[in-house]
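Here are my notes on the fold. Please read them with the structure open.

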Amino acid sequence: MLDLLLENISRHIHLSDEEFEQFRRPFELQVFKRKEVILKEGAYCLFEGFVMKGCFKVYYLNESGSEQTLYFAVKGWWITDIDSLINDVPSILNIEALEDSEVLMISKKDKEKLYEDMPQIEKLFRIMNQQSSVALQRRILSLTGKTADKRYLEFLEKYPGLEQRLTQQQVASYLGITHEFLSKIRKKTSLNK
């Protein structure tokens with residue numbers, strides 16, 4: 001089971017077997033049921049999680065009370081509210097399990113201890129945060145500068161096979177469109193194949 005975590009971090013840094021054991025020790029495996037909320041708006045985010053199984057949506061409620069999905073976290077992805085975690089402020093995000101899921105969770109305190117004990121772990125999370133910033137920038141540019149059709153195609157490329165696991169409303173929330181408009185896009189896309 002820990003092979004997935006080792007594979008993920010090995011893309012960024014190299015750890016010996018002993019170092020990996022030290023790294024993974026503070027992580028705790030937690031199991032979440034479908035529809036279970038692991039972070040609610042207004043709470044403080046005190047964790048970072050690595051998804052071992054399942055799927056989560058990370059979203060907020062806009063001024064009209066509609067869900068706006070920032071991203072889906074599937075197997076091999078990390079989840080947190082980085083603003084709340086780093087700045088110790090109440091979260092504006094919600095994180096909800098869309099399927100029965102398993103997550104390796106590490107507390108902020110334990111992560112900080114790893115930084116002190118293992119300098120290469122600080123490098124690991126710096127690299128991952130840089131990649132996250134790039135992904136966020138690309139997401140913003142996509143939402144503000146691309147058509148819904150192009151955003152839908154990007155979604156399919158970024159999350160292969162996930163569309164079958166989500167409701168049409170969840171996909172539409174991610175794309176920033178109505179589910180009716182998504183139906184039209186899907187129909188048009190299938191005709192163009």
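1. Start with helix α4, residues 108–117. In this predicted model, α4 lies across β3 and β8. Its angle to β8 is about 60°.

2. Helix α1 also sits on the sheet. It spans residues 3–10 and lies across β3, β6 and β8. Strand β8 covers residues 101–107. Helix α1 runs at about 115° to β3.

3. Now the sheet itself. It is open and has four strands. Their order is β1-β8-β3-β6, and the pairing is antiparallel. Which strands are at the edges? They are β1, residues 28–32, and β6, residues 78–79. Each of these two pairs on one side only.

4. Look at how β6 is held to its neighbor. Strand β3 covers residues 47–53 and runs antiparallel to β6. Two bridges join β3 to β6. Check phenylalanine 50: its bridge partner in β6 is tryptophan 78.

5. Next, the helix pair. Helix α2 spans residues 17–24 and packs against α1. The angle is about 110°, and the axes are 12 Å apart. Angles of 65 to 115 degrees count as roughly perpendicular, so α1 is roughly perpendicular to α2.

6. Which residues make the contact between these helices? From α1 come Leu5, Leu6 and Ile9. From α2 come Phe20, Phe23 and Arg24. By class, five residues of the α1 contact with α2 are nonpolar, one is charged and none is polar.

How values were computed
Residues numbered from 1 in each chain as written. Predicted model: local features only at pLDDT ≥ 70, side-chain atom pairs only at ≥ 80, totals over all residues. Heavy atoms only, no water. Pairing = 2+ DSSP bridges. Contact = heavy atoms within 4.5 Å. Axes fitted to C-alpha atoms, helices over the stretch in contact; angles between N-to-C directions. Parallel < 35°, antiparallel > 145°, perpendicular 65-115°, else oblique. Nonpolar A, V, L, I, M, F, W, Y, C, P; charged D, E, K, R; others polar.
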